[in-house]
Amino acid sequence: MPRPCKRRRVCALPERRCFRALEGPACREEIRMTVDEFETIRLMDLEGLTQADCARRMEVSRATVQAIYGAARAKLARFLVQGGELSIGGGEFVLCPGGKAGCPRCHRHCHKGGTNSEKDRGDL
């Protein structure tokens, strides 16, 4: 029996969860990116963290971050090249606790309200 998937720590849910190409055919394949894949893109490409730093923030191994990041970049590249629709939601993750001025792990204001763990919620 395979080992259960460890939930990744995510600072906040994305503010925008759906992106569409303005040009090209309206009906293309939907590309689905999970929240933890989005978080690796945010941490590594936007904040400039290394894989090791990103792994510490998400509370997973560096190898896991490398795999998540590779999958996320492939989906992002497919969207940029082929167009269609990119949606973000679901996955195995836990939100940082909210209601504080900032998260001690990620040093930014965390998600307020709701539950602090999510699992495969396609409506996110």
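Biologist: Which element gives the most to the lining of the largest pocket?

Modeller: Helix α1 does, with four residues. Keep in mind that this is a predicted model, where local features need pLDDT of at least 70, side-chain atom pairs count only at pLDDT 80 or more, and totals for chains, interfaces and linings use all residues. Residues are numbered from 1 along each chain as its sequence is written, and side-chain values use heavy atoms, leaving out hydrogens and water.

Biologist: What makes α1 a helix here, and which residues does α1 span?

Modeller: A helix is a DSSP run of H or I with at least four residues, a strand is a run of E with at least two, and both are numbered from the N terminus. Helix α1 covers residues 35-46.

Biologist: Why is the space called a pocket rather than a cavity?

Modeller: On a 1 Å grid over the protein atoms alone, a 1.4 Å probe fits in a cavity but cannot get out, while a pocket is an open set with protein on both sides within 12 Å along at least five of seven lines. The largest pocket holds about 360 Å³ of space, a volume being what probe spheres set on the grid points fill, with points joined across faces, edges and corners.

Biologist: How many residues line the largest pocket, and which lie nearest its centre?

Modeller: There are 16 lining residues, meaning those with an atom within 4 Å of a point. Pro14, Arg16, Phe19, Phe38 and Ile88 lie nearest the centre. The elements giving two or more residues to this lining are α1, α3 and β4.

Biologist: What is the make-up of that lining?

Modeller: Twelve of the residues are nonpolar, none is polar and four are charged. Ala, Val, Leu, Ile, Met, Phe, Trp, Tyr, Cys and Pro count as nonpolar, Asp, Glu, Lys and Arg as charged, and the others, Gly among them, as polar.

Biologist: How do you know which strands pair in the sheet?

Modeller: Two strands pair if DSSP finds at least two bridges between them. Three bridges join β2 to β4 (residues 85-88) in the antiparallel sense, and four join β3 to β4, which run parallel. Both pairs pass the cut-off, so they count as paired. Leu86 in β4 stands opposite Phe19 and is also the bridge partner of Ile31.

Biologist: What order do the strands take?

Modeller: The open sheet runs β2-β4-β3, with mixed pairing. Because β2 (18-20) and β3 (30-33) each have a single partner strand, they stand at the edges, and one side of each has no neighbour in the sheet.

Biologist: Why are α1 and α3 described as roughly perpendicular?

Modeller: Their axes come within 8 Å and cross at roughly 95 degrees. Axes are lines fitted to C-alpha atoms, for helices over the stretch in contact, with angles from 0 to 180 degrees between N-to-C directions. Angles under 35 degrees count as roughly parallel, over 145 as roughly antiparallel, 65 to 115 as roughly perpendicular and the rest as oblique. The α1 and α3 angle falls in the 65 to 115 range, so the helices are roughly perpendicular.

Biologist: How do α2 and α3 cross?

Modeller: Helix α2 (residues 51-58) crosses α3 at roughly 100 degrees, the axes coming within 8 Å, and these two helices are therefore roughly perpendicular as well. Contact (heavy atoms within 4.5 Å) is made by Gln51, Ala52, Cys54 and Ala55 of α2 with Arg62, Val65 and Gln66 of α3.
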